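Here's a short tour for anyone opening this one up for the first time. Have a look at the fold, then read on.

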Amino acid sequence: MSVVPAIATSTGPVLVIGSGLLGASVGLGLRHLGLDVYVRDSSPTTEAVAQDIGAGRSVRALQAAGEQLPEPELVVVAAPPDVVVELTVQALAEHPRAVVLDIASVKAPILDGVRAAGADLTRYVGTHPMAGREKSGPVAARGELFTSMPWVVCPGPEAGARAISVAKNLAVDLGATLTMMEPQEHDETVALISHVPQVMSSLLASRLQDTPLHHLSLAGQGLRDTTRIAGSDPGLWVQILSANAQPVVRSLHEVRKDLDRLIATLEHPEADGARLDIAQLMAEGNAGQARIPGKHGGAPKAFSTFTVAVDDTPGTIARLLTEIGEIGVNLEDMRLEHSPGQPVGLVTVSVEPNRYADLVDELQARGWKVVQ
């Protein structure tokens, strides 16, 4: 069920250019709020599917019926990074009254490109919703995709007050958490928190290409966690990394320093201070990981954790979660580990420290196998 506001502050009509996962999700969210939305895509099939799922009316279908596209109040460019500048400039020229936003994952190069084209920057704002799914295309779209997710608005110095207001309203209407940043600050930030993690995951996963399958059968949750995003679309990441190359390179240089330091230490693990240096590197990782906000955002918070062994039968995990709710404890986090071929899975549960003992005792009394 959608939790976006019932009354929109955005006004239509809205034209969404690009009908993939994000564009179609924008359309679905705005249609839910009662706005008139039109979708356009370079692929006729993708555009038709977006219309079929209710993300908006196809511009091709509109024109085939002999109708004209109403002049939009807002144009959202939801296309791949390598064509965003071209489509943004085109939209600013074709719709002289509309505010034009893009939702690409890099901001400074796009602003520079639109500026170099001589387009009207007073009506343009770059934005970036930090949301997505492992699936792609309009069939994966959800109107709730942006709910409680960060949506970064990065106006250039030329952006007008109306354009900035429209960009903010869109984020809020779709249920996102609004953040304002300078374009360059945004690109430096996502290089570290999004783009470099993708690179590191892909590099690690590439080491597995020639690994015998019977070796990989020993893999635990650690390998799965660190390589999960390595399954991302290579074509999209070529565009993202190329567009944000310099901020990514700066972060990778810092990673290389730490890697070189670790390699040098491990080449002589018996040397004086070697074990201390290894421990220091691990502790630095602990400190960085602890700073990542929890599910409620804000400052990170320490929770107590324990593990429950669950049988590999349908409904077991659902029953565990139901019983935790019946006991009256709020689940702060949960991780499932299950290796293929194993008869049981391991559910690691995080709760408030003051509820830890009561929950463990109650679950054990109900017959659950709890490992503390």
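Which residue in S5 stands opposite Val77? It's Asp102.

## Before you start

This is a predicted model, where local features need pLDDT of at least 70, side-chain atom pairs count only at pLDDT 80 or more, and totals for chains, interfaces and linings use all residues. Residues are numbered from 1 along each chain as its sequence is written, and side-chain values use heavy atoms, leaving out hydrogens and water.

The chain has a mean pLDDT (the predictor's confidence in each residue, from 0 to 100) of 90, and 94% of its residues reach 70 or more. Over residues 1-5, though, pLDDT stays under 50. Where pLDDT is low, the predicted coordinates should not be read in detail.

## The sheet

Strands here are DSSP runs of E, at least two residues, and helices are runs of H or I, at least four, numbered from the N terminus. An open sheet of 8 strands runs in the order S3-S2-S1-S4-S5-S6-S7-S8, with mixed pairing (two strands pair if DSSP finds at least two bridges between them). Its edge strands are S3 (57-58) and S8 (177-180), each pairing on one side only.

Further in, S4 (residues 74-77) and S5 (residues 99-102) run parallel, joined by 4 bridges.

## Helix H1

After H1 comes Gly34, with a positive phi near 90 degrees.

Notes. Contact = heavy atoms within 4.5 Å.
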